[in-house]
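Me: I am new to reading protein structures. Could you walk me through a few features, one at a time?

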Amino acid sequence: MGDSDTSPPSVKRQKRQNAEDIPQVGEREVEGTAGLSTGASGKKAMQAGNENTIQDFLRQTANRRKRKLVSLEREISPPPMRRGGDASATPSGADTPIQPTPSTAFVDLTVSPSPPPPEPSTQVATSPNNHLPFRLTDIAALPTNGTVTLRSLLSPPSSDTPLTSLWSFNYMHTLSFLISHIPQSTLPTLSINIVHGYGSSDPRRAALDADRQTLPYPDNIRLIGAWMPEPFGTHHTKMLILFAGDKARVIVHTANMIQFDWGNMTQGVWDSGWLSSLPPSPTPISQSPIGAEFKSSLLAYLSAYGPSRTGPLTSALAPIDFSPVRAIFLGSVPGRHPLSTTPFGWPGLQRILQRIPISAPPATAPTPTLPSTVAIQVSSIATLPNTWFQSTFFKALQSHCKPTAASTSGSPAPQLKLIFPTTSEIRASLNGYASGSSIHMKTSSAAHRKQVASLKPHFCRWSSPQTTPSPPNVRLSARALAAPHIKTYIRYNPTPPGHEPSIAWALLTSANLSMQAWGGAPTSLGSSSRLSGGLHAQGPRDRQDDGSVVRICSYEAGVLVHPGLFGEVGKVDMRGIFDGDEGVAADWDEGENDAEGKRIKVGIRMPYDWPLTPYKGSDSPWSKQERHMQPDAWGEIWDGE
């Protein structure tokens with residue numbers, strides 16, 4: 001299929017020793033590394049494939065960089081992998097401050113904070129989420145504008161205000177990796193809470209505890225198993241919550257807490273910055289309604305874990321003032337939830353989108369009925385019943401508020417784009433086929449292949465074709481060689497061909513494209529709705545209003561932003577930020593100014609290139625189930641799974 005070589009292997013191959021491999025159970029969303037083999041032509045392929053591919057890319061983008069790139073002439077290897085079973089737990093009871101420039105209402109978005117010294121400075125970081133809400137993780141070999149490092153995220157607000165508590169929610173943890181990025185002087189008194197999804201009998205839980213025992217101050221590290229009621233669910237949320245003095249910081253991201261994910265994979269980060277506590281007052285203090293809603297949604301999500309697990313965390317967040325936040329928190333929690341009221345999954349997303357307007361096409365557009373675009377970019381596409389994908393999930397993504405003079409009226413339904421890497425893009429990536437161990441799409445059965453065929457008209461490449469020179473209208477993200485583990489859902493406003501679109505809303509989340517993450521189709525009282533793996537949603541105790549419920553299997557967390565969070569509708573321009581952009585793109589139309597004579601501009605650091613490039617006939621989506629015999633950039637082949 002596609003780039004897969006079906007000829008019988010004649011080259012002697014040696015399997016890599018792998019640890020941290022994740023078992024494949026049913027339709028469980030999994031992340032891991034397996035299947036790599038080293039071909040006889042390894043060294044030649046490394047030189048011919050990796051050096052040429054990477055150096056060609058660097059030459060194409062070098063003239064738009066602000067600093068010299070780190071050399072790529074170094075070995076990059078995935079972490080070793082370890083297989084283990086899966087079980088569900090049982091229920092029981094700072095970065096550089098952002099400051100507006102004098103002449104604009106936005107900041108220089110090309111500057112990424114340098115890695116901090118071993119002990120952080122005394123400079124207090126302000127909220128970085130106001131004009132660049134989403135950033136990418138730093139990759140040493142690639143440009144760093146609009147990026148952030150894990151070390152800077154885990155830095156305290158000042159040297160005299162050390163971290164006191166850290167909560168890490170994730171699917172995978174390597175504790176020694178996490179500890180290595182925390183200021184060492186804080187470890188004797190730092191409370192570290194690791195929230196995971198491993199059951200008491202899961203060998204991965206035992207391995208996590210063994211890792212804990214090898215670290216300094218192991219008694220300061222608490223392992224917290226989330227309640228996992230669904231056999232095909234995972235604890236997939238990726239979030240950090242930090243405390244220092246009377247301040248707190250919330251970081252929602254897309255990377256497992258392992259070296260492999262933070263090394264050469266494209267990941268996304270939303271960071272609240274350090275938030276202060278509300279001053280003591282006998283009466284309630286007025287807070288920003290946007291920040292208050294974010295706080296309420298976050299606390300509702302955290303409370304779902306139960307007081308024995310996250311009670312201390314919700315209590316610690318209660319006095320924090322979230323007024324600086326300009327974002328909406330969206331989570332998923334396992335269970336059967338009433339369709340009409342739940343804030344979780346696709347119903348929660350639909351309710352958020354019903355408050356957001358979609359801009360009308362420009363008056364100069366050649367046709368007044370241009371469609372908008374919903375671009376889904378994920379690292380895993382599960383088995384998707386068409387009735388769920390089209391009639392439930394994509395229908396929810398099309399939601400927006402009722403038309404007004406400033407929004408669309410009678411416009412066509414948005415067009416769907418699915419951004420997913422091709423086999424050739426994985427082969428040429430910084431980690432080669434190893435990157436594909438964290439990217440999932442099944443192709444082993446006739447049903448799977450039928451799904452791929454039905455989605456192919458919507459598929460777009462992760463990167464634009466690399467040509468020299470690049471076409472003038474192509475915007476490069478400088479992440480073509482870093483395979484995507486990030487997940488984004490973005491709606492672009494209607495835009496004439498050849499123009500860069502503005503953004504109606506953008507969602508950064510841990511949730512891939514699956515019913516386990518977003519919830520199945522609504523189920524009425526007395527009926528059942530089949531999810532992958534034979535799950536059913538039914539039961540009279542779930543009845544509320546019309547009795548419809550939605551069953552969600554996994555924990556997920558994401559953050560959504562839209563122009564209305566940053567200023568008056570019609571006076572905020574939200575667009576993509578790409579490699580080499582000086583602040584906000586210089587060619588944006590200034591349009592109407594705000595009360596101070598400044599146009600409010602918000603940039604979304606884009607992980608993929610623009611315009612989107614549809615699959616060609618020879619392109620096929622990456623599938624780690626298939627054998628790939630053409631050596632990758634490091635001279636290795638993929639044996640399949």
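Reply: Happy to; we will look at a strand, a pair of helices and a loop residue in this predicted model.

Me: Which strand pairs with β23, and in what sense?

Reply: Strand β22, residues 572-577, pairs with β23 in the parallel sense, over 6 bridges. To find your place, look for V572, which stands opposite I600 of β23.

Me: How do I read the packing of α6 and α7?

Reply: Look at the angle first. Angles over 145 degrees count as roughly antiparallel. Helix α6 (residues 289-303) and helix α7 (residues 307-317) pack at about 165°, their axes 9 Å apart, and they are therefore roughly antiparallel. Their crossing is left-handed. In the contact, α6 supplies K295, L298, L299, L302 and S303, while α7 supplies T310, L313, T314 and L317. These residues divide into 5 nonpolar, 3 polar and 1 charged.

Me: And where does Q398 lie?

Reply: Q398 is in the loop between α9 (386-397) and β15 (415-419). With a relative accessible area of 23%, Q398 is partly exposed, because buried means under 20% and exposed over 50%. Beyond its neighbours up to four places away in sequence, Q398 touches A413, P414 and R491. Q398 and R491 are 93 residues apart in sequence, yet their C-alpha atoms are 8.7 Å apart in space.

Methods:
Residues are numbered from 1 along each chain as its sequence is written. This is a predicted model: local features need pLDDT of at least 70, side-chain atom pairs count only at pLDDT 80 or more; totals for chains, interfaces and linings use all residues. Side-chain values use heavy atoms; hydrogens and water are left out. Two strands pair if DSSP finds at least two bridges between them. Helices (H or I, at least four residues) and strands (E, at least two) are DSSP runs, numbered from the N terminus. Buried means under 20% relative accessible area, exposed over 50%, partly exposed in between (1.4 Å probe, protein chains only). Contact means heavy atoms within 4.5 Å. Axes are lines fitted to C-alpha atoms, for helices over the stretch in contact, and angles run from 0 to 180 degrees between N-to-C directions. Angles under 35 degrees count as roughly parallel, over 145 as roughly antiparallel, 65 to 115 as roughly perpendicular and the rest as oblique. A crossing is left-handed if the near helix is turned anticlockwise from the far one by less than a right angle, and right-handed if clockwise. Ala, Val, Leu, Ile, Met, Phe, Trp, Tyr, Cys and Pro count as nonpolar, Asp, Glu, Lys and Arg as charged, and the others, Gly among them, as polar.
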